[in-house]
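Colleague: Please take a close look at one residue, and then at the ligand site. Give the cut-offs as you go.

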Amino acid sequence: MPIISPSILSANFANLQADIEMLNNSEADWVHVDVMDGVFVPNISFGFPVLKAIQPLSKKIFDVHLMIINPERYIERFKAAGASILTVHYEACQDLKKTVDQIHANGMKAGVSINPETPVTVLNDILPSVDMILIMSVHPGFGGQKFIPESIDKVKAVKAMMQKRGVNALIEIDGGIGLQNAADVVAAGADALVAGAAIFASENPTETIAKMKRI
Ligand code: DX5
Ligand code: ZN
């Protein structure tokens, strides 16, 4: 069964508590938290004060996706704000290995993400050091976009790279995931599915999560 990580970017920000409680009572495994700086991506979401406010309300693991330039500046603060998994972008780091080591030194799992236009081969060097690779299946910055079908091949390619090198990391996919394509991405090798709009805009989010889990 895939790990389900609902993205609260699509939650109701006027009542985040209600959505966090809904997730507590659902089969969601993680909570996906998208942090954007308005520089790496053309949007700004939320930061430490929001994380700190919702973290004590949540029973789930915080899967934090940093869409920010030079994320190494903030690693300790994300740990303090409750992150368990911290994912940084390959494209946003000056020294990726050092950043990953710093995440580990702060007691978190480290993820590395690549944008749709970034080839999987850039992951070659970092692969043995990561706990998770996050394949972006939309251009990061906004929820509710259309899934880029070529992402399936990228998941397969990363899976093959991991198998060849004996790397036991997770593959997460993020962007445009819903009940219509969850089975395909899992078959391609995805272990964790991020879904925002497909969950929070559905009539019964708890049921959508349960269905996605059993896809
Ligand atoms: C986009 C974010 C995603 C977003 C996914 O930049 O990284 O996590 O919330 O939203 P959906 O599932 O609606 O495409
Ligand atoms: Zn994300």
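Modeller: Lysine 154 counts as buried because its relative accessibility is 12% (buried: under 20% relative accessible area, exposed: over 50%, partly exposed in between; 1.4 Å probe, protein chains only). The model is predicted, so local features need pLDDT of at least 70 and side-chain atom pairs pLDDT 80 or more, while totals for chains, interfaces and linings use all residues. Residues are numbered from 1 along each chain as written, chains are lettered from A and ligands numbered from 1 in the order written, and side-chain values use heavy atoms, without hydrogens or water.

Lysine 154 belongs to helix α5, residues 151–165 (a DSSP run of H or I, at least four residues; strands are runs of E, at least two). Leaving aside residues up to four places away in sequence, lysine 154 touches Ile114, Asn115, Pro116, Glu117, Thr118, Val120 and Ile135 (heavy atoms within 4.5 Å). With proline 116, the side chain of lysine 154 reaches the backbone oxygen at 3.0 Å (N or O pairs count within 3.5 Å; within protein, one able to donate a hydrogen and the other to accept it, residues adjacent in sequence only if both atoms are side-chain atoms). Serine 26, 128 residues away in sequence, is 30 Å from lysine 154, C-alpha to C-alpha.

Oxygen atoms of ligand 1 lie 2.7 Å from a polar backbone atom of glycine 144 and 2.7 Å from a polar side-chain atom of aspartate 174.
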